[in-house]
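Please find below a colleague's note on the structure shown here. The points are numbered and may be read in order.

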Amino acid sequence: EELRQKVEAVEAANPEPEPVDSPLLLGEWDLEFTDAFDVLSLGLSPLEVGRISQNVRAGASAGELQAENIVELLPPLSSLAAAASLQ
């Protein structure tokens, strides 16, 4: 709950009046925090979840955006194997 309040405070401090219409939104973004159930439920997969990102592009019409969600799925225990091979 405390983290959600901090996120909302940052959102409220955004100087952009219409952030969804801002060209600053365009680009590739890494997911650092979410409380969205559909994303959190990825942790139930037998696969390991790697990087989660979103690529936001301008749409065909003015004021339209296209977003591509990217979820990297890795074989189970792959991060453990990588850490073991570094030692």
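**Notes on the predicted model**

1. A nonpolar patch on the surface is formed by Val 20, Leu 26 and Leu 65, which together have about 230 Å² of accessible area. Patches are built from residues with over 30% relative accessible area and no salt bridge, where like charges are joined within 9 Å and nonpolar side chains (Val, Leu, Ile, Met, Phe, Trp, Tyr) within 5 Å. Accessible areas come from the Shrake-Rupley method with a 1.4 Å probe, and for residues only the protein chains shown count as cover. Leu 26 sits in the loop between helix 1 and strand 1. Its relative accessible area is 35%, so Leu 26 is partly exposed; the term covers values between buried (under 20% relative accessible area) and exposed (over 50%), with a 1.4 Å probe and protein chains only.

2. On the basis of the note: this is a predicted model, in which local features need pLDDT of at least 70 and side-chain atom pairs count only at pLDDT 80 or more, while totals for chains, interfaces and linings use all residues. Residues are numbered from 1 along each chain as its sequence is written, and side-chain values use heavy atoms, with hydrogens and water left out.

3. The chain contains three helices and three strands, and along the sequence these follow the pattern α-β-α-β-β-α. Helices (H or I, at least four residues) and strands (E, at least two) are DSSP runs, numbered from the N terminus. Of the 87 residues in the chain, 6% are buried.

4. The largest pocket holds about 900 Å³ of space. Its lining comprises 26 residues, and Trp 29, Asp 30, Leu 31, Phe 33 and Gln 54 lie nearest its centre. Two or more lining residues come from each of helix 1 (2-12), strand 1 (27-30), helix 2 (37-40), strand 2 (48-58) and strand 3 (65-74). A pocket is defined on a 1 Å grid over the protein atoms alone, for a 1.4 Å probe, as an open set of points with protein on both sides within 12 Å along at least five of seven lines; lining residues have an atom within 4 Å of a point. Grid points are joined across faces, edges and corners, and the volume is the space filled by probe spheres set on the points.

5. What is the make-up of the lining of the largest pocket in nonpolar, polar and charged residues? The lining divides into 13 nonpolar, six polar and seven charged residues. Here Ala, Val, Leu, Ile, Met, Phe, Trp, Tyr, Cys and Pro count as nonpolar, Asp, Glu, Lys and Arg as charged, and the others, Gly among them, as polar.

6. The count of salt bridges is five, a salt bridge being a side-chain nitrogen of Lys or Arg within 4 Å of a carboxyl oxygen of Asp or Glu. One of them joins Glu 2 and Lys 6, whose closest N and O atoms are 3.3 Å apart. These two residues are four residues apart in helix 1, so about one helical turn separates Glu 2 from Lys 6. Glu 2 is exposed at 53% relative accessibility, whereas Lys 6 is partly exposed at 48%.

7. A salt bridge also links the side chains of Arg 51 and Glu 28 (2.5 Å, N to O). The pair connects distant parts of the chain, with Arg 51 in strand 2 and Glu 28 in strand 1, 23 residues apart. Arg 51 is partly exposed, with a relative accessible area of 40%, and Glu 28 is partly exposed, at 45%.

8. Arg 57 and Glu 68 form a further salt bridge, their closest N and O atoms being 3.6 Å apart. Because Arg 57 lies in strand 2 and Glu 68 in strand 3, the pair ties together parts that are 11 residues apart in sequence. Arg 57 is partly exposed at 34% relative accessible area, and Glu 68 is partly exposed at 37%. Salt bridges that share partners join Glu 28, Asp 30 and Arg 51 into one network.

9. Val 7, in helix 1, is partly exposed with a relative accessible area of 22%. Val 7 and Phe 33 are 26 residues apart in sequence, and their C-alpha atoms are 9.1 Å apart in space.
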